[in-house]
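Trainee: Could you show me how to read a helix and its surroundings, step by step?
Mentor: Gladly; let us look at the structure together.

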Amino acid sequence: MIASPAALTPEQQTAVDHAGGPLLILAGAGTGKTRVLVERYRRLRQEGVPAEQILLLTFTEKAAREVLDRVEQEDYLPAGERYVLTYHAFAQRFLQEEGWLCGVPKGFRIVSEVRKWELMRDILLELRPAHLFHAQRPYERIGELLKLVERAKQELVSPVEFRAWATANALVDDPVLAAQRQAALIYGEYQERLLSEERLDFDDTIYFSVQLLTQEPSVAARQSRRFTHLMVDEFQDTNFAQSRLLELLAGSERNLCVVGDDDQSIYKFRGASVANLRRFHAVFPDAAVVRLEENYRSRGPILRAASRLINDDPDRLEKRLIATRGEGRPLSVLTATNVAEEADAVATLVKTAIDEGRHRPKAIAILLRANAHLHNFARALQRQGVAYQVSGGRGFYQQPEIKDCLAYLRAVDSPDDTVCLMRLLSLPRYAADAVQAGRWARQARDDGRRFFDLLQESNDNGARRLTDDLRRFNGLALRLGVDDLFYEVMEQTHYLDLERFLGPIERLQVSANVQKLAELIAAYCDEHPDHHLAAYLKHLDATEAAQADEEIAPLDDTVNAVHLMTVHQAKGLEFGLVIIPHLVEGRFPASRRGEGLTLPNELLKEELPAAELHLAEERRLVYVALTRAREEIVCTLASRYEGVRDWRPSDCRIRWPGGGGPPGGTAAQRRAADRRPLVHAGGHLPALPADVPVPLRVPLANTAQAADAVRSYPARRPQRCPGQHRPRDTTHLGDGRLRLRGGLGKGTVLRTGAGPLIAGPGPQLPAAGLRRR
């Protein structure tokens, strides 16, 4: 939500009217930064600046499309091409025009993740470096090496510079340095092979753009004349190379406007550094600074909680969020005994919110720390009959419909593949009895015969239909590329007969996933000369080995379904109700993992202490999750996840209440730890101000009955089953923090009820079948 179109705030107007020179806009969450960028663009156009001379950069294609749509709606003046692009899209265009000057092939293409893995695999098998290659585990360190190469390019470290460091440290007897010296040689070899295939990766596009602008002053001058005004969104997410690119493009006029918020810097894993905001001050000491602090998205309790959380970061740039939408519902905290009960409680809560008409499904989001945590909540929503969509989640090749499609292709190539044949027999087209199919498989094994032959000889109509289909497809595979073959398989088997799938959202998701698989197969054919089925299946094996899984296909924004996604995927979005599960130490915040092979410290341009980076970034992740909510926040946690130990509620405070470190490990100490404030001003669960009502803790072992049992204040204590954890509630400590105690206290009543599954009209389903490219 942005400010009313009728008027800008004084701070927004100052940012829009800034005449020339560098400008830093510190824009807190929900403060209308997109509108400021659009209004600034419109002002420049009204002052006579051609659209071709304004460059506006964003981080994602989705953000670029949204900003471009807004610009075209607001700017009514005639315009040629508008340059509203992502960093990488701009860099690709630039190198296609000027890259030949620094040795970049003019017709270069972006390399796939799988091809990168294959190149690194071939280099390791050929060079066999002692510290990076193990004969029994030859592919073990490929991921680390690719990450190291990526980081080197983001830090603008060339293969020559890396090799020079290796030579200077050749006599140092240290196995870590020895591995880094060998990595320097591998980096150079990898880059040579990449360029020999006329391919670049995304980091190369920025790296070579910076190299070109640095080495060719005439090119830099030409670009600064071409783009007289630069604007950048989400500047806090830039890495060093991207930041340097902006400085070079700004030229002598320095008409560079960047919008950022250090509190929302959450992409360290891809090289982003919050230090770039401080670097901006160093490079442009005379830059004007405008702070946008009036929040138009969230209610007061949400903003106060978020502020108490993020204020614990001593290195953040000073700013505060001011609520403009008044007060709202207090934050709720739900506890459970285990992860399954936590997921079931969240699903019940979501269904209740929909049934009561508080929120439409698409206005609800469940935000998790990692993709691996999505599964339990997806199954719980299914059990409750709640329509949902997974946004940006990994595991594309693990989706049932994708496994079905690949089983068809593998069975066509290898009819002896019993696993694939068994999977296909279970499809409605063949509908073979599962027990009988198991008997056939056992008979084939005992008699030493092919499972396919037994199916062909059986009297079962489904089994014979499957063998007929596979024989026909095998004949097509001899004369068709894998892209056309896949289309024929889907068409002739009527796999996308959407009537057999449950519910409209599942039909949409299945159709979108199968369509994406068709596009991935077509992309493979574009990149590889061999289009035979066997070659593609070999590529799939490499994809699996490279762990290069794809994201589940996204659905249209108009689909009325609950969003299930990670916090990173939610960046830039907003929802009426946000649920943040797994708020325990080790899950959210996540435990710090070793980075493996790293760049030598001497080659890093900027770096912060690793431990502080991790703690601060986890804190910012929760801050981002909180500030996605317009109306309500619900935080959830369970006593146990993996293992038998109890998990402690999230608390990554640097300064504990009363001083000292976290509580110890004895039973008494753990009970005392349970009585410690679950919610701290600097922890991962935000503290509530003392004037906000305390939300109810519902015992989640039987959520619906517990909710029905609580109808008045004070609430009755529900009956406990044997072995069930005692329900806990929260009480104030007098300083804005909360403490857990036995029993249920006053709070917000959560209850279940009957109602429609999906509010509003259902989505329009696409026609069954695939779209050819």
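Mentor: Please keep in mind that this is a predicted model. We begin with the residues of H18 that are hidden from the surface, where buried stands for under 20% relative accessible area: in this helix they are Ala437, Trp440 and Ala444.

Trainee: Why do the buried residues of H18 line one face of the helix?

Mentor: Looking down the axis of H18, you find its buried residues within an arc of 55 degrees, so they line one face. On the face turned away from that buried side, H18 carries the exposed residues Val435, Arg445 and Asp446.

Trainee: What covers the buried residues of H18?

Mentor: The cover includes three helices, namely H17 (418-425), H19 (451-457) and H20 (461-477).

Trainee: And how should I read the ends of H18, and which residue caps its N-terminal end?

Mentor: Asp433 is the cap, with a side-chain oxygen 3.2 Å from the backbone nitrogen of Val435, while at the other end H18 is followed by Gly448, whose phi is positive, near 70 degrees.

Trainee: Which residues touch the most other members of the largest nonpolar core?

Mentor: That core has 49 residues, and those with the most contacts to other members are Leu409, Phe486, Leu517 and Tyr536. Several helices, including H18, H16 (400-413) and H23 (533-545), each supply at least two of its residues, and the largest share, eight residues, comes from H16. If neighbours within four places in sequence are left aside, Tyr536 is in contact with Leu406, Leu409, Val482, Leu517, Ile521 and Tyr524.

Conventions: Residues numbered from 1 in each chain as written. Predicted model: local features only at pLDDT ≥ 70, side-chain atom pairs only at ≥ 80, totals over all residues. Heavy atoms only, no water. Buried < 20%, exposed > 50% of the residue type's maximum accessible area, 1.4 Å probe, protein only. Helix = DSSP H or I, 4+ residues; strand = E, 2+ residues; numbered from the N terminus. Arc of directions from axis to C-beta. Contact = heavy atoms within 4.5 Å. Polar contact = N/O pair within 3.5 Å; in protein donor to acceptor, adjacent residues only side chain to side chain. Core = buried A, V, L, I, M, F, W, Y, C linked by side-chain atoms within 4.5 Å.
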